[in-house]
Each structure stands twice: as C-alpha cells, then as structure tokens.
Amino acid sequence: MNTQRWQQIKEVLYAAVELAPDQRENYLDQVCGGDLPLRREVEALIEANDQAGEFLETPALGAKPAPEDLAGSLVGHYRIVGEIGRGGMAVVYRAVREDDFRQEVAVKVVKRGMDTDELLERFRHERQILALLSHNNIARVLDGGATADGRPYFVMELVHGLPITDYCDRNNLGIHERLLLFLKVCGAVEYAHRNLVVHRDLKPANILIGADGEPKLLDFGVAKLLSPDATGATAGLTGAQVRLLTPEYASPEQVRGERITTATDLYALGAVLYELLTGAKAHRLTSSGAVELERVICLTDPTKPSETGEKRSELRGDLDNIVLKALEKQPERRYWHAEQLAEDIQRYLDGRPVLARPDTIRYRTVKFCRRNKVLTISAVVVLLTLIGGIIATAWQARIAQRERAVAERRFDEVRKLGWTLLFEVDPEIAPLAGATKAREKLLSASIAYLDALARDAKGDPALLRELAEAYEKAAQVRGTPGFANLGREEVAVQNLRKAMALREQLLATDPSSIDFRLELARATRLLAQLIQDPAEARGLAQRALEMVQLAARRPPVDDKIRAELASAHYQVGQQLVATDPGPAIQEFRQALALYKDPSNVSLVHKKIGALLLLQRDAEHALVEYNAAIALDEDVARRDPSDARSRLNLSYGYSDRGSVLVQLQRLPEAIESYRKAEAIRLAQATADPSDSRSRSSLVSVTWRIGMALAQTDRRAATETLERAVRLGEFLNRDFPANSIAHRELLDAYGALANAYRIWGSCVEAQRWWELRRRKLEEWKLVNSEAVSDHAIAACESRSGKSDRN
Amino acid sequence: MAGADVTTLLIDWSQGDRSALDRLMPLVYDELHHLASRYMSHEDPGHTLQSTALVHEAYLKLIDQQRVQWRNRAQFFGVAAQMIRRILVDHARTAKAQKRGGDARKLSLDETAGLPAPRDFDLIALDDALATLAKLDPQQSRVIELRFFGGLTIEETAEALNISPATVKRDWVTAKAWLFRELNLADSAAP
C-alpha cells in the first residue's frame, strides 16, 4: 500500500463509519464502484472499527481524567465512599448523604463525551416523573446533576443483590420458582410503563435480587436520558451507539434505531426469561460488528427454549410459546404489556391454557426489517434547509423582476416544491409515530411562503385553489382532532379561515362549479369541527351540509359528492350531540348509509354507540361498538405500524369499556380498557410530543380507576392518582391544549367522585376544590355529571379516613 | 535549575531551531522517567499514575510559565508523549528480555503496582505498527502517540499538531481501525 492509496482508503473509511450501518453498503456501492480491492480493504477496516471498542481509548499510563479522583469528594449532597462498578459509559459509586451518613446511595457518574447541558435539561424535565416512580421492586432515582468538572451524575437507591440469573443459579431455583420471581419483575415493569417510563436497557445486571428474595430493577428511565434523541427515534445507529447497547437483550427496533416503546422492554423481558429458563442467551453473537448484530437480532429466530437448555420436557409447548411471543421481531406481535405476559405465565403455573400460540403463518421477519425505509426525520431537516435556499433565491428573483421568465420559472419551482412537501413528503412521515415535530417544522416552513404566495396570487384560480388546499392541510396537522397534533388550535383556525376565504373567492369566479362548491363546503365543515364556540360551529356545519345538498341535487351524484355529503351529515350530527342526541343519531345514520371507507363506517358506529350510551341504552350501544371494533381491528391488522389506526382502535376499546361498565360487566370492561391503555402507552412513549395519545391515556387511566372503584379501593386509588399525575404532566407539556385541560379536570373529578362513593368526604372535597381552581384558571364552566351539589352533600360513612 | 534551560529550548524550538529539540528531549525524558518511577514506587501514594498527570507535572516543573505561550505548552506535551512512548516501550522490551533469561538491569518502572489495567495487546507490537503507519501517514502516527501515550484530548492534540480537531478525530478513528487490524486483534475480541 502506498501513501496515496491509504489517503483514499482513509477518506472512504471515515465517511463510512460515520454513517448508520444500514447506509454503509449503499455508500460503498457509490464510492468504490468497480474498485473491488478498495472496497474489500475498507470493509475489513470497518469491521475492525466496529470491533475496536475501547482499543487505545485509555491512555497508556492509566485512565483518563480519573474517576478515582471522586473518592472522598462531594457530588451534590452526597459524599463518595467507594467504587461499586463500571460500565461502558458510567462508573457507579457508593456514597452517603452529607448530612446523614446512615443513608447510603449509589451515584452513577457518566463519562465525558455527552453534551452536559442538554442532558441536564432533559433530566430537569424527567426528574419529576422519575421521582414519582415509587414501587417496591424499582430502585428509586433520587437526584441528579453535574459534578464540579461537568460530568452528569444520577443518585439512586443503593441496592445490594445479585443479578437475577446468578441468584437463581446460586440458589438452585427450579423453573417454578424462577417464574414466580419473574412475575414480580413483570409487575415492576408494568408499573413503570403505566407511568410512561420505559427502561430501554433491561438485562440481568439491572435486575438485582436482594437477600430477602425481592427483585429490584435499577436504572429505570436513565437510558432514555442518555440516549441521543429524547423522542426515541434515531436515524439509525452509529457504530458508537451500537456499542452502547447490551446486544444480548437489545430488540430489533433498537438495533435498527427505530422508535422505542413499551414493547422494547417486553422484548428484553423475553430475553431475560429465555436466559432464566435455559441458562443460555436468546441470541449468540460471534462479533459485535453492526452488520452481525443486525443479522442475528433482526433476522435470526432464537432456538426454542426447550431445544436449548437441559430441562427440555418442562419447557416444551407453553413456555416455548410464551418466550417466543415476547421475543417476536415485530413489536406489535409481542405481548401488549408486561401484565399480559405475567398473566400468561400465571396461566401456565395454574395449568390453564396460555394466550401464546405458535405462529401458523410465520411472518417474514426479513420483510419487517427491510421495510420502513421511508424518509427519516433527519432527511426532512436536510430537505428543509435546501428549500430555504431555493425559496430565498426565488423571491429575490421575483422581487427584482429583472428576468421575468426566470422569475416565473423559479416561482413555479417553489410551488411544486411546496406541493411535494405538503402532499407527498408529509403523508409519508405522518403515520410514523415520532413524526409530529418533523411535520410541524415542515409545515411552518411551508406556511411562511404560502402566506407570501397568497399576497401575490390574486385572480389566478389554479393557484388560489392550491393555496386553499395547502392551508387546509396545514390546519389538519396543527390541530384537527384525529391527527397527531401539537395543540396549536388557534393557528389551525386561522389557517382554515384563510382557506375558506380563498374558497369563497373561487366560487365567486364560477358559481356553477360543483367542485368549488364542494370544496367550500369541506373547508366550512373542517372549521366547524375545530371552532370552540358551539353556536358558530353548529351554524358552519349546517351551512356546509346545505352547500353539499345543493351540489347533490343535480345528478349524477358521484362518490366524491356522496362522501362529502356523508361527512357533512356527520358534522351536523357532531354539533347536535351535546344538545339533541335523537336528531344527532339520525344524522349519523344518514352518514353511515353513505360512507364506504371502513374507518369512517367504524367511526360513525362508535358515535351512534356513544349517543345510545348517553340515552342509557347500553345493550344497543354494545352492538355498535362491537361492529366498529371488528372493522378497526381489521384495518390495524393490515398495517401494524400505522400509529393512527392503532390509536383509533384504542378509542373503540375504551368506549366499549364504558358501555360494559354501564352494563355492570366490570371484568370485561377493565379488559377492554386495558387494551386501549396498552396501545396509548406504546404511542405516548414513542412520541411524547403527541398530545393526542397522551390525553387519551389520561382518559383511559381514570376510567380504569373508576371501574375498579367498586371492587378494589386500593388499586382504584393508585390508578386514579396515576391518572391525575399523567394529566398534570400532560398539561405541563401542553399548557394551551383544551383537550388536555378537559382530561385533567375529568381525572380530578373521578378521584373526587371515587372518594365520595367511599364516603371519604374531606378527600373528595379536596380534589373537587383542585378541580374548581383549574376550571377558574382555564375559564371553563362545570360540565360534569357530578355536580358541586353532590360533592357538597357527600355523607361521610366512616369518618376515620377523613381525619388522617 | 533545568527550568530555565528547558523553557529557553522550548521557545527556541518553536521559533524554528531544530537543534533545540535534540537538546530538549533528553531533559524531558529524564524528568518524565523520574516522575513515573516515583509514582510507581509508592513514594507518593496519594497519586495514581496517569499520562495526563505525568505530563502536566513535568511541564510545571520544567517550564517557566511566564515566559511561554499556550502553543508552547501544546508543543511540550507533544514532546512528552513521544518520551512516554519511548519509556514504556523500552520498559516492555526489557521486561521481555528478562523473561527470556537476559540479565538486563531491572528498571524501577517494573514495580507494577500503579500500572494501568492490563491490555490485550503488546506495546512492542504497537510501537512497530506505529512505525509502519508513520511511513504511510506521519501525522496519523503522531495523533496516536499524543492521544494514547500523551493522554491528550482531541483538542489538545489539535493544538499540538496545529491542525483542526475534526482532522484529529478523522485521523484518530481511521488509524485506530488500521492498527487494530494490524495487530491482529480483529475477530479475537469478545462481543
């Protein structure tokens, strides 16, 4: 090799290792072309790079800025006593509280290399949530900050114990005992998930068993703080990030850098259970290279537990199926939540049939792993930067008017680009969980130049129409219910008003145009859907319906007219829901007869069901909901990665739960609610900036609490208090979102009501007072079924709990 | 004592006097060797042995702070890294020779109490590989020397070599991969 050749190899190698593993092949194809020796050399060096790990990272004479320096020093309020252990990115110390030497804690100090400011900011945001995680089997995170020299640290409850695998082996535990222990682990994970905390790095080393035989889970929430992207979505892992994973317990979505949800922990639980039962790891890795990691974790099915360990016969069948279901490559095919996994294990222990069944139609995992190569968030950002440049140039050209032809052409390019963004790029990323922020950026960039175009567009019908459509689109992403939205309703209303004004202008240019009329009707209807004032909303909906009816009077009535007519009926029905349920149902039935799309049909079924429920006709409501859910399950099955259809399905489940409550079929009700909860938890953790899934999580949580209130006061209290907490966090993150306001009010109301039912009047009044203050703060009127009067009239059954 | 001399030599060198470097190096070598030996023989149990600490301490002892600029400091660290490499490799060769029954003088460095965590590669092999790399790309070889033997950060290395931190990072990453393979460490590493 000569110097020149090495320079060439060096450049290609560095560019390649900076890329995500799945992009490297493509890059090498482009760069190396037919130069096979170059390619082979670079590939060998990439492999070496992936394996190099800590090679040369520690200077020849001892450690880098020494962690040992910390012994005896003060970190926050804690005095470091000694080292407990060290991992890839952190050192853990034993420490005592400065003012109380009896209180021992573990202090985890993160190695340098992370952006301390960003991490601290994230910690400030998360600390409330972490501080509230209070569970016997979860080690608490007590504090966090940065050391004097800027290294981030976390203070945690100090746990003495052995990793669960070692503990079981050392005590010669049998399968039955191991499963009982594992059930407790599931319980802790379920608890954390319900509080919106995903672990992300579950492994035996993080599950310690103390001398009392109780498991303690360490590091809950810490992995998220340390991850490069707080939303959990990354554009693919770099070599360094791959190394931070614990590969034996990492899920396919983690290896691929996709969104991380509660399902990720379920997978890790499966991997731990595999190891507990067989003594072997689910996946055996022969190297830590990214390519090998992806091959094994994403593409290779683990050996059945019964064909791995020694206790073959005991594992065959049910336990095989349970473990393999938890280890499904596709998140949606695993258990929905940890409790479900625990229940299946319990069924096995009780000798009842389990849920997990071997796959009849084996999903092609290869397909799963190769799919989703859609536009990533980072690509969108690059795109935006490009567009910024083009728009600036275009406008300069236009304003200068020096070369008219050039200016016109540029103007046209901008139009097309805006078009591509709103109608091609946006739908691509819209269904992906985690996309809300990217869509927001995309749209505010688009709106900025739409406004500029609109000023110039007078008299050009084609352009007017494009603009109107673009404003409507923007309004949908910014606040229309049913879309992942960022709670910016006012902006959405403004955009829709702009759209309507343009549509009216258009219709004025050609009053006979069916299309123009339909489009104006549609914009009017969208506005009716979004506007706060009920009288104005009802007027708009009625106007929209009349416009479509006018258009429909003249045959032929095509599918487009039919669909808009259905939607208009639906919207009028919507506006009648609160005041005239009877007529509302009639409007909905009209819509039902006209709609063809299964998601719309299901939605209307649910609406009718809801109204029937309001009229105390739960029997018939249940029929409507079952019809809706059957359709929604079908839609969700067809594309499991579509976040919207899953959220939609969750609405069916939760509403059916309420119907079943009405019918006093409580266990069925709770089961249906729990299905809704699992979907919303997964989505809320995947994309914390999606106010919709988080609001609906609050809602289903307090509903579960109320369903429990009649049978299990303790569980009900825990659940209702959690609902309040989730609601408070939601409102902290979305202070101006009216849906978020309502959900928190409902959660307070539910808790007050539960205490009222239990006869704890002081407690009831306390929560009711909190609710009243929020009503005042948000200038809302009391619309609850439970009135001030009911709370005031609360009669204390046992004064005991009140005086505590 | 030596303080004034070394400072003068360092300034002379930084102003282009190559011969100043030849006179500077033995002085730095002696001081580093002395410091390293002291650390390892537990004369000063409060300290742990670190390249960075060693270099900084030698610098403080040898250089008159008021006469030099920031760039001189980086240059000094550069020289020191080279010296540490020589000390450690010499030490490794001696230890190897002793194992084979040679009667070479036992260095005080041999008191291994304070030695860094065991490495799974041979320092002598690394030294040879670095010599090969120096023929291919002298700058990369220097980057490894400064980072690994001198304990310098990316920024300090950039300062010492008068190149950008981005270039240091690129040279560091690619040279490490090359060395890793050159030392035949690939495939034997645990996952």
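Predicted model: local features only at pLDDT ≥ 70, side-chain atom pairs only at ≥ 80, totals over all residues.
Let me begin with helix H6 of chain A, which runs over residues 175-194 and has 20 residues. From its first C-alpha to its last, helix H6 of chain A reaches 28 Å, close to the 28 Å expected at 1.5 Å a residue. The helix is mostly covered, in that 15 of its 20 residues are buried. After helix H6 of chain A comes A:Leu196, which has a positive phi, near 65 degrees.

I turn now to the aromatic side chains, where a search of the whole structure finds seven aromatic pairs over all chains. One of the pairs is formed by A:Tyr570 and A:Phe588, whose ring centres are 5.3 Å apart and whose planes stand at 40 degrees, so the pair is classed as tilted. A:Tyr570 belongs to helix H23 (residues 559-576) of chain A and A:Phe588 to helix H24 (residues 581-594) of chain A, so the pair ties together parts that are 18 residues apart in sequence. How accessible are these two residues, A:Tyr570 and A:Phe588? A:Tyr570 has a relative accessible area of 11% and is buried, while A:Phe588, at 0% relative accessibility, also counts as buried.

In chain A, the charged end of A:Arg766 sits over the ring of A:Trp767, 4.8 Å from its centre. In chain B, B:Arg147 lies over the face of B:Trp172, at 4.4 Å from the ring centre.

A:Glu564 counts as buried at 8% relative accessibility, and A:Arg525 is buried with a relative accessible area of 11%.

Next, the side chains of A:Arg665 and A:Glu668 meet in a salt bridge at 3.1 Å, N to O. Here A:Arg665 counts as partly exposed, at 31% relative accessibility, and A:Glu668 counts as partly exposed, at 37%.

In chain B, a salt bridge joins the side chains of B:Glu145 and B:Arg85 at 2.7 Å, N to O. This pair links distant parts of the chain, with B:Glu145 in helix H6 (residues 138-149) of chain B and B:Arg85 in helix H4 (residues 70-99) of chain B, 60 residues apart. B:Glu145 counts as buried at 4% relative accessibility, and B:Arg85 is buried with a relative accessible area of 13%. Salt bridges that share partners also join A:Glu190, A:Arg194, A:Glu339, A:Arg674, A:Glu677, A:Glu718 and A:Arg722 into one network.

I will finish with A:Glu743, which lies in helix H31 (residues 738-758) of chain A. Which residues does A:Glu743 touch, not counting residues up to four places away in sequence? The contacts are with A:Ser695, A:Val698, A:Ser699 and A:Trp702. At 7% relative accessibility, A:Glu743 counts as buried, because buried means under 20% relative accessible area.

Notes
Residues numbered from 1 in each chain as written. Chains lettered and ligands numbered in written order. Heavy atoms only, no water. Helix = DSSP H or I, 4+ residues; strand = E, 2+ residues; numbered from the N terminus. Expected span 1.5 Å × (residues − 1). Buried < 20%, exposed > 50% of the residue type's maximum accessible area, 1.4 Å probe, protein only. Phe/Tyr/Trp six-rings, centres within 6.5 Å; stacked < 30°, edge-to-face > 60°. Lys NZ or Arg CZ within 6 Å of the ring centre and 35° of its normal. Salt bridge = Lys/Arg side-chain N within 4 Å of Asp/Glu carboxyl O. Contact = heavy atoms within 4.5 Å.
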